[in-house]
Amino acid sequence: MGIMTDDDTWGYLEYANEIRENGVFFKPHWFWYIGYVLFVLAAQSVIPGLDGIILFQYVLSYCALVAVYFASINLYGKSKTAFLTCLW
């Protein structure tokens with residue numbers, strides 16, 4: 001399958017690299033995307049390259065799935081329903 005990239009991918013990576021080298025600074029076009037840029041920076045600080053970003057996205061997705069499971073248990077009170085919620 002490989003790693004899929006888009007036109008914006010290189011902008012995120014470049015901005016994260018600039019923050020690593022120069023510290024946090026304001027870039028008007030990328031201001032609204034600073035959360036994901038900081039996520040990219042954190043992921044690449046642990047594991048360099050795109051592999052770190054992919055691993056962190058899997059971990060974050062798993063944490064979100066666990067949160068949905070427990071929220072569903074609190075909402076419906078049944079573990080079977082929570083499992084089906086996460087499965088769907």
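**Close-up views of a predicted helical model**

**View 1. The largest pocket takes its biggest share of lining, six residues, from H3.** This is a predicted model, so local features need pLDDT of at least 70 and side-chain atom pairs count only at pLDDT 80 or more, while totals for chains, interfaces and linings use all residues. Residues are numbered from 1 along each chain as its sequence is written, and side-chain values use heavy atoms, with hydrogens and water left out. Helices here are DSSP runs (H or I, at least four residues), numbered from the N terminus. A pocket is an open set of points on a 1 Å grid over the protein atoms alone, where a 1.4 Å probe fits, with protein on both sides within 12 Å along at least five of seven lines; lining residues have an atom within 4 Å of a point. The volume is about 270 Å³, counted as the space filled by probe spheres set on the points. Of the 15 lining residues, Met4, Tyr36, Ile53, Ile54 and Gln57 are the closest to the centre. Helices H1 (9–22), H2 (34–46) and H3 (50–76) each supply at least two residues of the lining.

**View 2. H1 and H2 have axes that come within 9 Å and cross at roughly 70°.** Axes are lines fitted to C-alpha atoms over the stretch in contact, with angles from 0 to 180 degrees between N-to-C directions. H1 is therefore roughly perpendicular to H2, a term covering 65 to 115 degrees. On the H1 side, Tyr12, Leu13, Tyr15, Ala16, Ile19 and Arg20 take part, meeting H2 residues that include Ile34, Tyr36, Val37 and Leu38; contact means heavy atoms within 4.5 Å.

**View 3. H2 and H3 have axes that come within 8 Å and cross at roughly 110°.** These two helices are therefore roughly perpendicular to each other. From H2 come Tyr36, Phe39, Val40, Ala42, Ala43, Gln44 and Val46, and from H3 come Gly52, Ile53, Phe56, Gln57 and Leu60.

**View 4. H3 and H4 (residues 79–87) have axes that come within 8 Å and cross at roughly 140°.**

How values were computed:
Angles under 35 degrees count as roughly parallel, over 145 as roughly antiparallel, 65 to 115 as roughly perpendicular and the rest as oblique.
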